[in-house]
Amino acid sequence: MSRFLLPFGVFLVLLGFLFVGLKLNPREVPSPLIGKPVPEFTLPQLHEPAKAFSPQSMRGRVWLLNVWASWCVSCRDEHPLLVDFAKNHQVAIVGLNYKDKPDDAQAWLAQLGDPYTLSVSDLEGRVGIDFGVYGVPETFVIDKQGVIRYKQIGAVTVDALQGKILPLIRELDQG
Amino acid sequence: MKARHKRGLLIASGVLVLAVAAGLVLSAFQKNLVFFFTPSQVVAREVPVGKPFRIGGMVAERSLQRERDGLTVRFVVTDTVKSVPVQYTGILPDLFKEGQGVVAQGKVGDDGVFVATEVLAKHDENYMPPEAAHAVEQAQNAQKTLIGN
Amino acid sequence: MIPEIGQLALILALLLAIVQGTLPLLGAQRGIRAWMALSRPLAAGQFLFVAIAFLCLAWSFLTSDFSVLNVVNNSNSRLPAHYRIAASWGSHEGSILLWVLMLSLWMQAVSVFSRSLPREVLARVLSVMGLVSVGFLLFLLLTSNPFERLSPPAAEGNDLNPLLQDPGMVAHPPMLYMGYVGFSVAFAFAIAALLGGRLDATWARWSRPWTTAAWCFLTLGILIGSWWAYNELGWGGWWFWDPVENASFMPWLVGTALVHSLAVTEKRGAFRRWTVLLAICAFSLSLLGTFLVRSGVLTSVHAFATDPERGLFILVFLAIVIGGALLLFALRAPQVSGGGRFESISRESFLLANNVLLIVAAGSVLLGTLYPLVLDALSGGQTKISVGPPYFEAVFVPLMSPMVFLMGIGPVARWKQATLPELWTLLRWAFATSLVAAVLVPLVTGGGSWGLRLGLFLAFWILAATVVNIRERIRNFRGAVHERLAMQPRAWWGMILAHLGVAVFIAGVTVVGTYETERDVRMAVGDTVEMGGHVFRFDGTTEATGPNYRAARGTVTVLRDGREVLTLHPEKRTYNASGMAMTEAAISTGVLGDLYVSLGEPIDAQSWSVRVYHKPLVTWIWSGCVLMALGGLLALTDRRYRLRSTRQQRAAAVISPA
């Protein structure tokens, strides 16, 4: 009997590694930015390039920073969720339009709806680098003191929104 | 008696095959594993000398230069903290772009230039190769710790 | 409306699968005939509903219904119609639906062609397959719904990944999945046998044709994938030892072992436990392959949309299916008797050696594929490594060479007992001829390494040993040679053909590996480069437009002895919807070799970087695989299987008169 259990044993070891491997998913790396102040930047706004935006102006409010681009496939997936979110909640969403052409970006928002309080153009992706962005879309939750509290890598999902982002915003709002 | 001998022979040859295979696997691992390093590690000289390894990061903006022969290219791979100059002769993959993630395999010369034998860019428009992402994360982590102190 | 019908069909299929996975199984254990009788109509119903769901998805793609998220993400109204249909399995959701479709197709096939099986066996087999189906239907409905709506609908889709817009990609996934899923039949037969406690030659005879069929599909699937990579990736390679490729190669290796070990179990009654274990392993590796590709735990050139949540689902499913099967094996195997005896030199022992080598090879591929993951896990995500082709080549060649050598001996060795002197007398000329050929050929063609000599020796050895085998085989028959040849059963001819396929494959791999030439050059209009006796002249590029892309279309004229023999048109495409650049190589295929030209990038207004390859005998690689698959198909058409099935019908009628 025992020697016939050998294949099962080997399989259990394999299973263990696969399970750990799942958790090590390279796309789930915790951001070193969490708990750190939001990187400072000043960028022109998408709709009014003459006006600049800097995170400094958001002090005292809980807000979301969403990195997006009109060329990005997954952004289209999460976009309806964001539009819906903007309609029903009083939380500011700032869009970081990453390596995009402003014309394409405006057309995209005109077509699919604009959930953003405002968007800023990061034409060359410099600010994206400061945020450790390695894929688009990504979403950051930033608290009243300007500290990054959460980072969503990839598209925002209903689960992430209901399970993590909204409870966190509520908690931060009270604090 | 005879049956037992035969059984022993079978088991012995099975074990022999396994032992040979294990030996092959181990020696092949020893010779052919390619470790992955970040540009920060390369700059800090924490990399093997004379052995090929992989580096990953982002191709720095406006760093791509083409030599006269049209085939040798130079570019800079950065993890946003430290940068390594890379030289490569050959045709770059379709998805190779400045500002995008890249992984290159090769050796570092005495002059600190990474001479790549292979350049990989992933076939996916949204994400950079995970190793490249890892390098950027690591470097930022290190930098944040330094600033924190 | 159509997508909702598809969704509903999937839910109905799931309900049927749940009943199918439980009642007939319980019925077989308790001897309730009415419950057992449910299995066939349930399988038919499931096939019907899954097919409806699949057609609904294909319809949504064909009509470019951009209110379906899956269509938006993977199609485009400018995409040609055949790629729109292929796009329905280009996405993660679609490919899992295809998986389920294939599974229900196999189930239906078992239910139609194995009507003559004893009632309990058929009920158990279909029930086990039903349980597998439950897992995948749940996976579809819970984590990867292919019919998810997008509201408001998008105006246009994001287009199918340009890499997948190739005829090879239209055929590759269905073939590969037919193979993967086909092993579920062998798996179900094995589990049914373990449950019923009946593991004998009859069992092997029943599951043999199914295993061979699955193996053929898998062989073709891998072959098409390799051909696609050669054509579409623009790197001129045909196999990269990429994790996703390895995921399909491991079941193939184990499946090959299974095909051979089943032959022994059927003919001699030996290796029973081993064969059952192989049947479990072959399907387990198919599932593992699906997990590796779909969960994103391994990085690969194949970047699918991956998702750890889906990975966890498949992992739990793997744990239940494979863990359960292996536990059942551990419980029941001790009760199975060993079966036919054989001497240490006999056809059985050669086949056993072949099995061990194939399994060890599969194990080393598994190790190489998972080692980066293991190291990553042990170091807490700090050590990243990659295991490249050099590892696999260093391990694989030494393991497979003795296997291929034994392939020449096994078929001529006698069952039960053979002697070395006898084998030596039979094969010494074959051995000497192939040795001499392996030494002489490199002298003529020039250069050559030990690897080349080894490869040539093995290819000639199989060829020569096969000739000996045919001569020996027909010696005891009467009549003219062609009559005697025609008398041999198709199963035997199938074996001969498949083995010759291996010889052709080895010759192709060896010659390409040794003599291929590759050059990256900068070419201005009118520049020439010489390679493999041909002169390539670059005649510049023109603008071209396709249905959904723009391209720079190069013209390269090939000259031989100063005469123009051929014009090649490599392209550099930019797809409109995704903005992705794609290299479309131009390949001139020939029996003796391919000429392969691809465009790099423009250097200035006049010149491009161009990659030129000469690949001698490269088509032999795929031809060899085709021969292997044809051999399998030929064996399937053997009269034996048909005769047996009618005989079984009679036997079954005798056993159950009531």
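Biologist: Which residue in E4(C) is the bridge partner of Thr528(C)?

Modeller: In E4(C), Thr528(C) has Arg537(C) as its bridge partner. This is a predicted model, in which local features need pLDDT of at least 70 and side-chain atom pairs count only at pLDDT 80 or more, while totals for chains, interfaces and linings use all residues. Residues are numbered from 1 along each chain as its sequence is written, chains are lettered from A, and ligands are numbered from 1, in the order in which they are written.

Biologist: How many bridges are there between E3 and E4 of chain C?

Modeller: Strand E3 (residues 528–531) and strand E4 (residues 534–545) of chain C pair in the antiparallel sense over four bridges. Strands pair if DSSP finds at least two bridges between them, and the elements themselves are DSSP runs numbered from the N terminus, helices being H or I with at least four residues and strands E with at least two. E3(C) and E4(C) make a hairpin with two residues between them, and Gly532(C) in the turn has a positive phi of about 55 degrees.

Biologist: And what does E4(C) do with E5(C)?

Modeller: E4(C) pairs with strand E5 (residues 549–560) of chain C, antiparallel, over nine bridges, and Thr545(C) stands opposite Arg550(C) in E5(C). This hairpin has three residues between its strands.

Biologist: What's the strand order in the four-stranded sheet of chain C?

Modeller: That open sheet runs E2-E11-E10-E9 with antiparallel pairing, and its edge strands, E2 and strand E9 (586–588) of chain C, each pair on one side only. The twist averages 20 degrees from one strand to the next. Within chain C, E10(C) and E11(C) are joined by eight bridges and run antiparallel, with Asp594(C) having Lys615(C) as its bridge partner in E11(C).

Biologist: Switching to chain A, why is one side of E5 and of E7 left without a neighbour in the sheet?

Modeller: The open sheet there has five strands in the order E5-E4-E3-E6-E7, with mixed pairing. Strand E5 (118–122) and strand E7 (148–153) of chain A stand at the edges with a single partner strand each, so one side of each has no neighbour in the sheet.

Biologist: Now helices: how do H1(C) and H3(C) pack?

Modeller: Helix H1 (residues 2–30) and helix H3 (residues 39–62) of chain C pack at an angle of about 160 degrees, with their axes 8 Å apart. Axes are lines fitted to C-alpha atoms, for helices over the stretch in contact, and angles run from 0 to 180 degrees between N-to-C directions. That makes H1(C) roughly antiparallel to H3(C), a label for angles over 145 degrees.

Biologist: What sort of residues make up that contact?

Modeller: The contact of H1(C) with H3(C) has 20 nonpolar, six polar and no charged residues. Here Ala, Val, Leu, Ile, Met, Phe, Trp, Tyr, Cys and Pro count as nonpolar, Asp, Glu, Lys and Arg as charged, and the others, Gly among them, as polar.

Biologist: How many residues of chain C are in contact with chain B?

Modeller: 34 residues of chain C are in contact with 33 residues of chain B, where contact is taken as C-beta atoms, placed from the backbone, lying within 7 Å. H14(C) gives the most to the side of chain C that touches chain B, with six residues, and that side divides into 19 nonpolar, ten polar and five charged residues.

Biologist: Which strand of chain B is joined to E1(C)?

Modeller: Strand E1 (residues 33–37) of chain B is joined to E1(C) by three bridges, and the two run antiparallel, with Phe35(B) opposite Ile385(C) in E1(C).

Conventions
Contact = placed C-beta atoms within 7 Å. Parallel < 35°, antiparallel > 145°, perpendicular 65-115°, else oblique.
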